[in-house]
Amino acid sequence: MYINELDYRNIGPIDQLNLTFRRNENGVPVPAVFVGKNGSGKSILLSNIVDAFYEIANEEYHNVTHENGRGHQYYKKIAKAQIKLGQSYMTAYIRLEHQENKYEYIFKSGKITFEEFQKMMKDAPDKALDWQEEENCKKFVGNKKAISELFESGIVCFFRPDRYAKPSWMGDKYDVPD
């Protein structure tokens, strides 16, 4: 599986970030390295990628997430506290591919319509991602029949979830419950 594009807006310390990942002359993706100061958004960026993998896997495998009576538990909780200070919404949009199969993932919170989101994007996202009136949502679209092959063909993902450093960009808001 390869990540083709990341588009993040108003998430934590990130105002706007759009990355289209490079490929070499043979079309093979070039590795990417994220470097930055503590609190600059590296962990947020990676945790949304990991969350996309969990959401994709949850479509095929029934032991990925735990049901708690109110839906399934997420690897990454949607919380308004993650919205960049002074903004009214956040979005994390990821385009992925595996062989000929294309996948799209959205993680969204706050007040923005799907139409407003589409206008900001250089390539139109799949209409199946439309969150209608939901204030918080995660959605995934892609070839669901190919998911088991995707995960059984060597996808390996690890993101250490026990980081407890207070992100500097949150200031006093860090310990405030949603």
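1. How many of the residues of strand β3 (residues 89-98) are buried? In this predicted model, the strand is mostly covered, with 10 of its 10 residues buried. Y89, T91, Y93, R95 and E97 point one way from β3, while M90, A92, I94, L96 and H98 point the other way. The residues of both sets are buried.

2. Strand β1 (residues 2-11) pairs with β3 in the antiparallel sense, over 7 bridges. Within this pairing, Y8 has A92 of β3 as its bridge partner.

3. Strand β4 (residues 101-110) also pairs with β3 in the antiparallel sense, here over 10 bridges. Y89 has G110 of β4 as its bridge partner. The hairpin of β3 and β4 has 2 residues between the strands, and Q99 takes a positive phi near 55° there.

4. I11 is found in strand β1. Because its relative accessibility is 2%, and buried means under 20%, I11 counts as buried. Leaving aside residues up to four places away in sequence, I11 touches I44, N48, Q82, K84, M90, T91 and A92. I11 and A92 lie 81 residues apart along the chain, yet their C-alpha atoms are separated by 7.7 Å.

5. A remark on confidence follows. The chain averages a pLDDT of 81, and 78% of the residues score at least 70. Among the elements of the chain, helix α2 (residues 114-120) has the highest mean pLDDT, 94, whereas helix α3 (residues 147-152) has the lowest, 78.

Technical notes. Residues are numbered from 1 along each chain as its sequence is written. This is a predicted model: local features need pLDDT of at least 70, side-chain atom pairs count only at pLDDT 80 or more; totals for chains, interfaces and linings use all residues. Side-chain values use heavy atoms; hydrogens and water are left out. Buried means under 20% relative accessible area, exposed over 50%, partly exposed in between (1.4 Å probe, protein chains only). Helices (H or I, at least four residues) and strands (E, at least two) are DSSP runs, numbered from the N terminus. Two strands pair if DSSP finds at least two bridges between them. pLDDT is the predictor's confidence in each residue, from 0 to 100. Contact means heavy atoms within 4.5 Å.
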